[in-house]
Structure formats: C-alpha cells, structure tokens
Amino acid sequence: MLTPPPSRTRADLAARLPDDQARAWFAEALADASRAATAPQGPPAADPATASEAPPAPAPGHPVWQSRFVTAGRHCGPDAADDVRTLLLIEARADTETLTRLYREGSAPERRAVLLALPFLVDGPGATPLVDDALRTHDTRLVSAAVGPYAAEHLPPHAWRHAVLKCLFTGVPPAAVADLARRAAGDAELARMLTALAAERTAAGREVPRDLRHALTLTGVPNEEP
Amino acid sequence: MRIFDPHIHMTSRTTDDYAAMYASGVRAVVEPAFWLGQPRTSPASFLDYFDALLGWEPFRAAQYGIAHHCAIALNPKEANDPRCTPVLDELPRYLDKDSVVAVGEIGYDAMTPAEDTALAAQLQLAADHGLPALVHTPHRDKLAGLHRTLDVVRESALPVERTLLDHLNETTVAAAADSGCWLGFSVYPDTKMDPDRVVAVLRTFGTERTLVNSAADWGRSDPLKTREVADAMLAAGFTDDDVDRVLWRNPVAFYGLSGRLRLDVPAPDALHEGNSVLRGGE
C-alpha cells in the first residue's frame with residue numbers, strides 16, 4: 001500500500017480550486033472525512049455553526065463526507081474533482097466495503113476517484129473486482145484510472161496483460177500503466193499477445209501504434225519486428 | 001451558431017448523429033430519462049440505465065465535443081407498473097449527482113391515479129434537491145392533460161419558474177404561457193411540431209421563456225431539427241440574438257437553475273488524443 005500524499009498536496013490542491021467558496025467547502029469536507037476516520041462507528045453530524053454551506057442530507061446511515069464525495073464536482077470544479085474526491089477517501093480511511101459501495105453507486109467521475117484511491121487504502125486483492133469492472137468498460141477515464149499502482153500490485157498475469165492490450169486498443173497511453181516496465185520485463189506471453197496484435201493491424205493495412213512497439217520493447221523478449 | 005438541445009435521448013442514437021450534431025452547431029444536450037420502447041420489469045434495469053446516463057453517454061458525447069447532462073426520473077408510462085415504481089426510492093441518491101440538472105421527464109401519459117402519485121412525488125423530489133423539473137405533456141387528450149398537469153404543479157412545492165412544460169403545440173401553448181412555466185417545443189419530422197409552426201408560435205408568444213428540442217429517440221425523429229428551427233427563425237426575420245436566446249441562453253438559464261451545468265467540453269480533436277485521459281493518467 002502506498003503512503004497517502006503529504007499535507008503539502010492538500011495546500012497545492014486548495015490553491016488550484018476556483019475560489020474561496022470552493023476552498024471553504026474543501027476544508028469542511030476534509031474535516032467531515034477526518035471525523036469519520038476517527039469515529040468510524042457513527043455518522044457524524046455536520047456542525048451548522050461552522051458550515052458555510054450545508055451539505056445535502058446524507059443517505060440514511062451514510063456519513064456526511066460521502067455526500068461531499070458525490071457533489072465535489074460542482075463545488076470544486078471538474079478539473080480538481082478527481083483529487084478532491086481521492087483525498088476525501090484517504091482522509092476518511094474508507095475500507096474496501098465502503099469503496100465498493102461508492103464505486104457501484106457512483107457516476108463515472110466518482111468511480112474514477114475510487115480507482116485512484118485504491119493503492120492508498122487497500123492492502124490485499126479485495127478490491128480487484130472494481131478494477132476488473134472498470135477494465136470491462138470502454139470509458140478511457142475509467143480504464144486509465146484502473147491501471148494504476150493497485151492493478152500493478154494485485155492483478156493476476158492474465159488480467160494484467162489484457163489490461164495492457166485494452167489500453168492500446170482504446171488509446172490510453174502506456175504512461176498510465178503503473179510499473180509497466182517492471183511487470184512487462186521478461187513476460188513472453190505479453191510479448192506474444194503484442195506481436196499478434198501488431199500482425200493483425202498490419203494485415204488490416206493499419207499502422208502499428210508506436211505505443212505497442214514501446215510495450216513490446218519493454219518485455220525484452222526477442223521477437224521478430226512486427 | 002451554438003445550439004443546446006434541451007431534450008434528446010442520445011442512448012438511442014449513433015456516433016454519426018453526434019458528429020452531425022456537432023457539425024450543425026450543437027454543443028450541449030440534456031438527456032432526460034424515459035421509456036425505452038420495451039417495458040422494463042424491475043427497478044434494476046432503471047438503475048443500469050441511469051448509470052449509463054451518468055457514465056457512458058457523457059463519455060460518448062465528450063468525444064464529439066458535446067457537453068452532456070441528464071435528467072433522472074420514473075417516466076409517466078412506467079409509473080403505472082407496480083414492478084417499476086420502487087425505483088422512486090432510489091431516485092434521491094441519483095438526484096445528488098453532479099451531472100443531473102433536472103428531474104425528468106415526468107408528467108402524464110394516460111392520466112391515471114398512479115401517474116398522479118408519481119408526478120406529485122417527483123415534483124417534491126425536485127424541490128428537495130434544488131432541481132428544476134422537465135414535465136412532459138401527454139400525447140393523447142393533450143389539453144386536458146395540460147390543465148391537470150398545471151393543477152399538480154401549482155399544488156407542489158416546486159415554483160412554476162423552475163418547471164418546463166414540454167411537447168407543447170398550438171392548442172396548449174396559451175394556457176402554458178399563462179401559467180408562468182417555461183415552454184418547450186419538440187420538433188419531429190411528422191408529428192409534434194415542425195420548424196415553421198414553431199416560428200409562428202414564437203411570433204405570438206415571444207422568445208423569452210421558449211425552448212426548442214428535437215426529442216430525438218429510437219422512433220422517427222431527427223437530432224438536427226434544432227438547427228432547422230434556427231434556420232427557419234432567421235429566414236423569418238428573427239435576429240441572431242433571438243436564435244441564440246431560444247437555442248442556447250434559454251436552456252442554459254433553465255437547467256442552470258440546478259447550479260450544476262458545466263459547458264466547458266474541449267473540442268473533439270483535443271479530446272481524441274486523450275485529453276481527459278492524460279489528465280488522470282499522469
């Protein structure tokens with residue numbers, strides 16, 4: 001599991017928010033999440049005396065910070081929403097059960113944030129069904145978030161190789177695939193799959209993507225030039 | 001020319017439609033939840049549909065440079081099926097989502113007691129969630145349906161200024177205009193309204209609270225009808241500013257009541273190389 005980002009990241013993120021109203025909302029949301037982490041048994045109530053804007057009522061039994069997680073886009077802007085949502089999950093120390101529910105009930109941007117948070121929050125392979133789900137989509141926002149450090153650590157070889165191919169198919173750059181060089185090194189099966197894909201492209205009269213040649217090189221497996 | 005189609009069912013359309021819409025000037029759409037042609041039999045199939053409106057469909061639209069928002073609701077027709085009505089209990093969590101800008105489409109189909117209940121409950125949900133409502137007027141017995149709709153709207157917690165009455169025509173527009181609601185006209189190849197009739201209505205009732213949509217779906221319909229109306233308005237002597245008001249500023253004002261409208265989608269060429277992907281992939 002990766003170490004959560006340092007507090008400096010929060011200051012950087014706050015500085016990127018569109019205005020003071022968004023920064024106030026972000027600070028309150030982080031405080032809500034932090035309270036949930038320290039008192040995970042009960043959903044904490046928002047303090048009306050300090051809330052600059054009351055968050056929507058949470059779903060029954062769900063803490064306030066989860067409503068903040070859902071509505072982060074309209075309060076912080078779509079560009080910062082990924083980072084804000086991911087930090088809320090980390091701050092609340094969301095467990096696998098919570099992450100799974102937030103993913104399943106989430107819009108695509110919410111699902112993306114859950115995927116981005118996995119390496120900071122989940123130790124074992126318990127969240128791989130979420131990664132598998134995202135990799136079955138053709139939504140590159142989800143595919144690119146699914147192939148991060150958590151997938152590099154926990155996806156079994158067959159699923160990981162298909163994830164790499166999926167990226168090549170959907171135009172997700174190899175740079176999005178965490179630990180590509182380490183996992184690809186010496187992977188003869190991945191090399192075979194990449195070579196076959198290149199042959200298929202060539203047979204169709206289509207160009208072999210540069211990214212594919214790059215991935216094939218990383219395998220280090222001797223092969224005929226596709 | 002910039003066009004906002006405030007009522008279109010893109011789930012039923014192809015990527016060719018998205019490309020043609022972009023070429024015609026369409027830069028934003030709202031997709032209200034509706035009947036899929038084949039009746040649903042459980043809340044679960046609604047949830048998958050709503051998830052598509054919050055996931056796959058905005059992704060598809062963005063690839064063609066079009067901002068996609070949605071309205072979520074139990075539609076009037078399926079409000080009559082007790083196998084479907086439990087989906088009402090699931091709506092609150094959807095109505096909190098960032099890209100949900102209205103409750104809709106709600107209203108009457110056959111004007112049954114079950115439709116009364118669903119309409120009233122969903123107008124209340126709109127009020128509770130700070131959302132406006134897209135209210136469809138029925139295809140059959142339309143004028144009576146409009147009056148019954150207005151009665152329910154007036155009794156609800158949702159102000160008329162946050163209500164859009166859709167599928168209006170010459171027989172219903174006067175009563176709808178008197179109500180203070182926003183006025184929606186759907187333009188179809190054969191049925192509902194056509195561009196010249198919309199122009200005639202605009203001459204009488206003005207551009208102030210009028211929206212025009214294609215309501216394109218899986219039936220005989222045309223996602224470029226909004227552009228045809230814009231061209232017909234110009235040919236009839238309306239100004240560029242009038243066109244911009246009806247086909248852009250009015251839908252922005254109406255759905256902007258949600259506080260959730262985001263219209264800054266990159267042009268398709270910028271996105272095709274993975275703009276949004278790179279943002280998260282780095």
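Helices (H or I, at least four residues) and strands (E, at least two) are DSSP runs, numbered from the N terminus. Followed along the sequence, the pattern of chain A is α-α-α-α-α-α-α-α-α-α-α-α-α.

This is a predicted model, in which local features need pLDDT of at least 70 and side-chain atom pairs count only at pLDDT 80 or more, while totals for chains, interfaces and linings use all residues. Residues are numbered from 1 along each chain as its sequence is written, chains are lettered from A and ligands numbered from 1 in the order in which they are written, and side-chain values use heavy atoms, with hydrogens and water left out.

**Stop 1: chain A as a whole**

Select chain A and show its surface. Chain A has 226 residues, of which 51% count as buried. Buried means under 20% relative accessible area, exposed means over 50%, and partly exposed lies in between (1.4 Å probe, protein chains only).

Next, look at contacts, meaning heavy atoms within 4.5 Å. Among the contacts in chain A with a separation of 6 or more, 66% are between residues 24 or more positions apart.

**Stop 2**

Side chains of opposite charge can pair when their charged atoms come close. A salt bridge here is a side-chain nitrogen of Lys or Arg within 4 Å of a carboxyl oxygen of Asp or Glu. Over all chains, the whole structure has 33 of them.

Select R23(A) and D20(A) to begin. Their closest N and O atoms are 3.1 Å apart, in a salt bridge. Both residues lie in helix 2 (residues 20–38) of chain A, three residues apart, about one turn of the helix. R23(A) is partly exposed at 28% relative accessibility, and D20(A) is exposed at 59%.

Now select R112(A) and D82(A), whose side chains meet in a salt bridge (2.8 Å, N to O). Because R112(A) lies in helix 6 (residues 108–121) and D82(A) in helix 4 (residues 78–91) of chain A, the pair ties together parts that are 30 residues apart in sequence. Are these two residues buried or exposed? R112(A) is buried at 5% relative accessibility, and D82(A) is buried at 17%.

The next pair is D187(A) and R161(A), a salt bridge with its closest N and O atoms 2.9 Å apart. This pair links distant parts of the chain, 26 residues apart: D187(A) is in the loop between helix 11 (180–184) and helix 12 (188–203), and R161(A) is in helix 10 (residues 157–170) of chain A. D187(A) is buried with a relative accessible area of 10%, and R161(A) is buried at 17%. Then select E28(A), D32(A), R35(A) and R68(A) together: salt bridges that share partners join them into one network.

**Stop 3: G186(A)**

Return to the loop between helix 11 and helix 12 of chain A, where G186(A) is found. G186(A) is exposed, at 58% relative accessibility. Which residues does G186(A) touch, not counting residues up to four places away in sequence? They are T219(A) and V221(A).

**Stop 4: where chain B meets chain A**

Show both chains. Here 18 residues of chain B are in contact with 30 residues of chain A. The buried area is about 1900 Å², with 50% given by carbon and sulfur atoms; buried area is the accessible area (1.4 Å probe) that two parts lose on being put together, summed over both.

Four salt bridges run between the two chains. One of them joins R74(A) to D98(B), with the closest N and O atoms 2.9 Å apart. On chain B, the elements that give two or more residues to the side touching chain A are helix 2 (43–54), helix 3 (56–63) and helix 12 (275–281). The largest share of that side, six residues, comes from helix 12 of chain B.

**Stop 5: P251(B)**

Finally, select P251(B), in helix 10 (residues 240–256) of chain B. P251(B) is buried, with a relative accessible area of 0%. Not counting residues up to four places away in sequence, P251(B) touches F4(B), P6(B), L211(B), R245(B), V246(B) and G256(B).
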